[in-house]
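This report examines how the parts of a chain are arranged and how chains meet one another. Please consult the sequence and the model while reading.

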Amino acid sequence: MWKTLRQIGSVGVVTETPPQLDEQLRVREHLQAQILGTLGRALCIRHIDAGSCNGCELEIHALNNAFYNLEGLGIRFVASPRHADLLLVTGPVARNMELALKRTYDATPDPKLVVAIGDCGCTGGIFGRSYASAGSVANVIPVNVAVPGCPPHPKRILAGILTAITAAATRSSDP
Amino acid sequence: MIQALWLPGPLLLTQLAAAAIASLLVLAVLGVFLARHPLGSRFVYGACALVCAALAGLALLALLDPSPTPSQIRLAVGLPLGQTLLALDALSAAFAVIVNVTSAIVSVGAIGYGAHARDPQRVVPFYPAFIAGMNLVLLAQDAFSFLVGWEFMSLASWALVVSEDRSEGNRYAGLVYVIMAAAGALTLLFAFGILAGTDGGYSFAEMRQSAAFGPAALVLVLALIGAGSKAGLVPLHAWLPLAHPAAPSHVSALMSGVMTKVAVYGFMRIVFDLAGPPSWWWSVPVLVVAGVTAFLGVLHALMEHDLKRLLAYHTVENIGIIFIGLGLALAFEASGMGAAAALALVAAVFHVFNHSLFKSLLFLGSGAILNATGERDMEHLGGLIHRMPVTAVTFLVGCVAISALPPFNGFVSEWLTFQAILLSPELPQWIPRLLVPAIGATLACSAALAAACFVKAFGSTFLGRPRSQVAIAARETDLWLRSAMVAFASLCLLAGVLPGWVMDALRGVSDVLVGARLDSQAAQPWLKVAPISADRGAYGGLLVFAMIAIAAAATALIARRVASHALRRAPAWDCGFPDPSPATQYTSGSFAQPIRRVFGSLVFRAREHVEMPKPGAAGAARLRVDMHDTVWELFYAPVIRLVDVLAGHLTKLQFLTIRKYLMLVFATLILLLIIIGTWR
Amino acid sequence: MTALDSDIAHLLAGSMVLVSFLLLYQDRMFALLNVFALHACVLSFSVGWQAYLQNAPHLFITAVIALVFKGVVIPVTLHRIVVRLGIHRSIETVVSVGPTMLFGIALVALSIVVMLPVTVAAGAFVREDLAFALSIVLLGLLMMVTRRNAVSQVIGFMSLENGLVLAATGARGMPLVVEISVAFSVLIAFIVIGIFLFRIRERFDTVELQALDMSRGETE
Amino acid sequence: MIRDWLTQLVQLAAVLVLAPLLTGVTRKVKARLLRRRGPPLLQPYRDLLKLIRKETVVAENASWLFRSAPYVIFATTWVAAALIPTFATGLTFSAGADLIVIVGLLGTARFFLALAGLDVGTSFGGIGSSREMMFASLAEPAMLMVVFTVSLFAGSTQLSTISAYMLGPQMGLSISLALAIVALIIVSLAENARIPVDNPATHLELTMVHEAMILEYSGRHLAVIEAAASLKLLLYMSLIACMFAPWGTAVAGGGAAAYSIGLVAYAIKLAVGGFLLVVFETATAKMRVFRVPEFLGVALMLGLLGAMLLFVSRVSQ
């Protein structure tokens, strides 16, 4: 017990600075700035695996560790879509998951956002549309931000989330 | 204010009460003829309600007026050379109020419910007789009329239990009930025999003066067995969960809510009033039996999925709580702590009143469900809150009250019992002093389990999605039953919010039985109750209820003004699974599974067996839970086997030749002569 | 009440016990009836003697009833029944006669042990009389228990009843002696008629060999 | 008299304000122990404000009980919290209610929460309610046994009398008090769904107990329930502080200085309590569901033993 406590004392806080926003990731903008403001300061995310190969999940899981420190920004993962404001959807939407994804989107109270993660989420990736896959997440539910990459770096995912919760007005300020 | 009214003298009260009992008996006889068409049974139930209400009023007047010596009336009927004495002293008046208030409201409910019973002729005549029997027991001031009333009550309720004798279960329940009732009455007979002493004075007054024939402790044991079997103390409770559900619901409301209270009255009358000053160790068996009863009763209730059997087993638990109060009173009285004994006694009688209210409410509720769905098994109910709103609200009030939760009356009597338990360090002897905290722990545990039991009961019947077609097709019950349930619910709230008044009314009882009384609660500010002293512990029922109401209203108001009003109906969230069948939700069996695994594996030797189909076979896997009813196996099964074996041998006696019979006669004669000869 | 009177009374009562033993001893039907007639006569003499001693006229009526009714009428009727119904003449016993007699003696001892301390207050004669009466009753019962055929059981019962009448006459203050004996007589009459009408012979299990042989198919 | 009413109202407001702050502190310290920067201290307030502004989604077959339960739960917890003297004793309300009433009020809150869990008819609500009631069937008696021990010690169940007694001279260090403290800590861990019993931040429905019952709630209902949960944590903290560490609480009728000292002392106690709770949480792992009854059984036995031992010591006095 004492060894860990000493280690906690010596190592100190290792959280890195959060990444900058990235407007390219934004796909759709449907909430005003004021609502995004309140959501932004206390965001609850519900992660949905719509058929991903778990590559993106590993990266998302990394967001919770001490370095990327999602919770430090006031953002936390929740168990039920009822409690959530942002749906983090990974993977191409498999036919079996299509209905489940729609029902989860329905179950989330407004105002809500959707962030698609990974190449599969953005474009359907290597699977595309087929008898087994409905392609990208946008084909099933409206997506606000799409973060490409297979799998995207945790910083990119964090940037996507932060972009989703900040209003588009600041686009002119940074390149 | 009361003095201003013309007050009927105590003698007139008793006469009116006796007249009321007589009118009930007349009603019973009338019932035989009127029961043919529904209007007749409605009339009988209505008349019952009126007579019971009158009796309740009389008893209340007798309870409140401070006349020390109750006036007796003598009837010529009775033992040869003896008379029947009837009177309304403080103890009988208190219990008469409890019995008749509940009977009146249940009868009002029965007007609607009883009308469309399958064959009313079997129920309507015995219903008034049952109430008359109970009132006779309360009014009796001598052993003969007490036992006549007792037996009359048992037989009338037996007739009601077997009124629906199509199902095998009911007949078996009737058989077990009759045997237990007869055994109980027999032990009471012996108890009165001992109390009557050598000069055979059978009136209570004589019994109080004369020295008991045998050891007074024997009277306690006999009363514990006799009254305990009727009330439902653990080893003798087996008939209660069989008989009470078998009767029609409004009758099982009376049996559970009222008849068990008459049994408690019998115990209190014999042990506290007639058996003279208790010695200290009397409280040990009472407390131990009561603790075991409370714990075992609620555990059995948790394992049930038949609503009425659940309620019946729960009556056993509440009787345990009442007897814990009585045990404490005995312990305190034996060591001369009058105020503590009065507190424990008032706690017990208060719980008697509370239990008669919410148990009758819950049984009427189960009757309403039975009428609406024809189903008693909670595994086939569910979602009735949408279809039976009034029943749901009143049933919820009953569940909260019975789980002893603050704003309602169940909590007050539990709080008083705990206050009594907290006085136990002053007990001089070692054993009760260490026994009382253990009993306190059992009481706390059974209260918590009761809350779990009634979350299960309410949850699986009223909440969730309907699990069967009958549950979908359910409709609200008729107006009479609803009004009765609303009356009970409001009484529960009233007794919970204004406990001071009830405690003041019961001071007479503790005066009669333990010779000490609590100081009046009217003086306390905010209508709160502080039995011993304000800084020792106080409970403001009205205060707590007002605070909760104001807080809830304030939160709702703020939420309405500040929060967004957007509200959307959407399918329930179950991981996006498309439209699951109602079978996926928790049933009463699965709700009790954690508690069964924690407590049941010890108490009922509960084992769960999962039978998986052989690989490749398409059969369904099955979960089978087998439990052993330990009390039945340890206590009843051996007795039944013994009786069976003896009966086997004795039947041979039926088929002897005359000569062999003569041989038996001759042998006994010789035996007796030898005894006489050698006994000098 | 001179010594001689009490001796006679004592003698009569004692002889009744002796006759009861004789009853146990008989193994032929007609002999049994005759001994019973003798038993009844001794009873009537004893009652008559008591009537004389206590100069109580009603006892004479009892003596006459005993003599006429039980001494003559019943034995003759039974005799005719036995002939008419062809009831087999030999008396089957459950226990052979030897042990029955021993047991009878034990019963007499028992009744003496019981009666004497109980009747300490009464006069010497009454105590003996009651002791004898009790032993007659017990012997009567013993006879009923150890006999298989109906008629002998009836005889046993009637001897028992004689013992009771003896007790009634012996205990001086006993009221209604007459009524008792009349009642008993009526009872006996009914039993006798019962035997006659219902021929309950087959009710009593019989070890009469001849019946067993038939069932085994070896008819003689 | 006016002073008592004032303290009571300040108490009511303070309890409501401090509760989310306490949760914020625990999250911050927990993050710091995991070597990362925790969310800002006012994060719980932001969560509540966001939830209030969000839309409320209610299941189709949810009844009026589902929608009214959050307010009942919040009201009973708030009243219970208001009854416990935090910075000053002698509150007007607490004259009308004692420790057993507080346990009863928490029982009512739990009763309605369990019913709300069952109302919608999904298996998650069922699993949450049945486990919650199983834990309660051991936690509540353990809590009552602690109440027994303490009230037998102080001779009364009124909290103000108990804390006055604890401050008084006759307060000796007794073994049964130590047992009572340990039992009370175990019970408060179970009741507030902290780590050894249930993980407040879990996402796996099968391991949830408290979270599973409120899975269906959203918007303002969820805000009220989250506030009630943090209130409950504050309630247990102030209960432990009031009973076992009553130093610094202003006695009824004291001057403004006494009240301010009381407030400061209370704040310190909350901070220390929060810190210790989080250190304990980080050090232990969550128990299997059916290990928890043994854990709570220990609390019950400790409470009972405490009461029994008290008699031994009481006799020797």
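## A pair of neighbouring strands

In this predicted model, A:Ala116 stands opposite A:Ala146, a residue of strand E5 of chain A. Strand E4 (residues 113-117) of chain A is joined to E5(A) by 3 bridges, and the two run parallel. Two strands count as paired if DSSP finds at least two bridges between them. Strands (E, at least two residues) and helices (H or I, at least four) are DSSP runs, numbered from the N terminus. In general, the strands of a sheet pair through backbone hydrogen bonds, in either a parallel or an antiparallel way.

Residues are numbered from 1 along each chain as its sequence is written, while chains are lettered from A and ligands numbered from 1 in the order in which they are written. Because the model is predicted, local features need pLDDT of at least 70 and side-chain atom pairs count only at pLDDT 80 or more, whereas totals for chains, interfaces and linings use all residues.

## The sheet of chain A

In chain A, 5 strands form an open sheet with parallel pairing, in the order E2-E1-E3-E4-E5. Strand E2 (75-77) and strand E5 (145-147) of chain A stand at the edges; each has a single partner strand, so one side of each is left without a neighbour in the sheet. From one strand to the next, the twist averages 25°.

Two helices of chain A lie across strands of this sheet. Helix H6 (residues 154-165) of chain A lies across E1, E2, E3, E4 and E5 of chain A, at about 170° to E5(A). Such angles run from 0 to 180 degrees between N-to-C directions, with axes fitted to C-alpha atoms, for helices over the stretch in contact. Residues are in contact if their C-beta atoms, placed from the backbone, lie within 7 Å.

## Chain A as a whole

Chain A has 6 helices and 5 strands, which follow the pattern α-α-β-α-β-β-α-β-α-β-α along the sequence. The radius of gyration of chain A is 17 Å, close to the 16 Å that the globule rule gives for 175 residues, so chain A is as compact as a globular protein of that length. This radius is taken over C-alpha atoms, and the rule is 2.2 Å times the number of residues to the power 0.38. The C-alpha trace of chain A spans about 55 × 35 × 30 Å along its principal axes.

## Where chains meet

The bridge partner of B:Arg569 in E1(D) is D:Val58.

No contact joins chain A and chain C, whose closest C-alpha atoms lie 89 Å apart. Likewise, no contact joins chain C and chain D, where the closest C-alpha atoms lie 64 Å apart.
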